[in-house]
Amino acid sequence: MHGWRPWVLVGLGGAVGAVARVLLSEAWGTEAGVLAVNLVGAFLLGVADAVWRGRRPLTVAFWGTGVLGGFTTVSAWAVLMAGSWAWFWGGPALLGAGVLLAALGLHAGAVLRGRDGGPVGDGDAVGAR
């Protein structure tokens, strides 16, 4: 992708995702919020990748890289792992669960996309290429 549009879409999406992460963390507490955003984000990123990869680069820039990249948080997870033995030992389990949920998201996205391999819907949700 060339030009300024992908950069702007990633920035706007990142802002949306980061605000959603903060709101969820405040509502559920830091530990539960970090767990929820990383697991939900892994699943949704799998769905987004399966549905839009190769077809909707601006949609992927906004929703995948931007919103879901800003929503998930490896750094907060790393801080929790560094400050707590329970989180440190639970880290591999969280990573494994994230990989499993991303794989399930890829499968769900493939089902949404349809068996013919064509895109779901008729148009780019964010903008034209």
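Q: In which helix is S25 found, and is S25 buried or exposed?
A: In this predicted model, S25 is found in helix α1. Once neighbours within four places in sequence are left aside, S25 is in contact with T30, G33 and V34. Its relative accessible area is 18%, and because the cut-off for a buried residue is under 20%, the S25 of helix α1 counts as buried.

Q: How many helices and how many strands does the chain have?
A: Read from the N terminus on, the elements of the chain run α-α-α-α-α. The secondary structure therefore comes, by the DSSP runs that define helices and strands, to 5 helices and 0 strands.

Q: What percentage of the residues of the chain count as buried?
A: A residue is placed in this class if its relative accessible area is under 20%. The chain has 129 residues, and the share of them that count as buried is 33%.

Q: Among contacts between residues at least 6 apart in sequence, what percentage join residues at least 24 apart?
A: A contact here means that heavy atoms lie within 4.5 Å. When the contacts in the chain between residues at least 6 apart in sequence are taken, the share that joins residues at least 24 apart is 80%.

Q: How are α1 and α3 oriented to each other?
A: Two packed helices are described by the angle between their axes and the distance between the axes. Helix α1, which covers residues 5–28, and helix α3, which covers residues 57–71, have axes 6 Å apart and pack at an angle of about 30°. Since angles under 35 degrees fall in the parallel class, α1 and α3 are roughly parallel.

Q: In which hand does α1 pass α3, and how do the residues of their contact divide by class?
A: The crossing in which α1 passes α3 is right-handed. The residues of this contact divide into 13 nonpolar, 6 polar and 2 charged.

Q: Against which helices do the buried residues of α3 pack?
A: The buried residues of α3 include L58, A61, F62, V67, L68 and F71, and glycines such as G64, G66 and G70 are also among them. These buried residues of α3 pack against α1 and α2.

Q: Which kind of aromatic pair do the rings of F62 and W63 form?
A: A search of the whole structure finds 1 aromatic pair. The ring centres of F62 and W63 are 5.0 Å apart and the ring planes stand at 90°. Because planes over 60 degrees apart fall in this class, the pair is edge-to-face.

Q: Which class of accessibility does W63 fall into?
A: F62, with 16% relative accessibility, counts as buried. The value for W63 is 37%, and because the middle class runs between the cut-offs of 20% and 50%, W63 counts as partly exposed.

Q: Which residues does N38 touch, not counting residues up to four places away in sequence?
A: N38 has its place in helix α2, which spans residues 30–52, and with a relative accessible area of 13% N38 is buried. Not counting residues up to four places away in sequence, N38 touches T72, T73, V74 and W77.

Q: Which residues of α4 meet α2?
A: The axes of α2 and α4 are 10 Å apart and pack at an angle of about 135°, and that makes α2 oblique to α4. The crossing of α2 with α4 is left-handed. On the α2 side the contact is made by T30, E31, V34 and N38, and on the α4 side by V74, A76, W77 and L80.

Q: How many charged residues does the contact of α4 with α5 have?
A: The axes of helix α4 (residues 74–83) and α5 come within 5 Å and cross at roughly 135°, and the two helices are therefore oblique to each other. W77, L80, M81 and G83 in α4 meet W85, W87, F88, G91, L94 and L95 in α5. By class, this contact has 8 nonpolar and 2 polar residues, while the number of charged residues is none.

Q: What distance separates the C-alpha atoms of G105 and A50?
A: G105 lies in helix α5, residues 85–113, and at 0% relative accessibility G105 counts as buried. Not counting residues up to four places away in sequence, G105 touches F43, G46 and V47. G105 and A50 are 55 residues apart along the chain, and their C-alpha atoms are separated by 7.8 Å.

Key. Residues numbered from 1 in each chain as written. Predicted model: local features only at pLDDT ≥ 70, side-chain atom pairs only at ≥ 80, totals over all residues. Heavy atoms only, no water. Phe/Tyr/Trp six-rings, centres within 6.5 Å; stacked < 30°, edge-to-face > 60°. Buried < 20%, exposed > 50% of the residue type's maximum accessible area, 1.4 Å probe, protein only. Helix = DSSP H or I, 4+ residues; strand = E, 2+ residues; numbered from the N terminus. Axes fitted to C-alpha atoms, helices over the stretch in contact; angles between N-to-C directions. Parallel < 35°, antiparallel > 145°, perpendicular 65-115°, else oblique. Left-handed = near helix turned anticlockwise from the far one by under 90°. Nonpolar A, V, L, I, M, F, W, Y, C, P; charged D, E, K, R; others polar.
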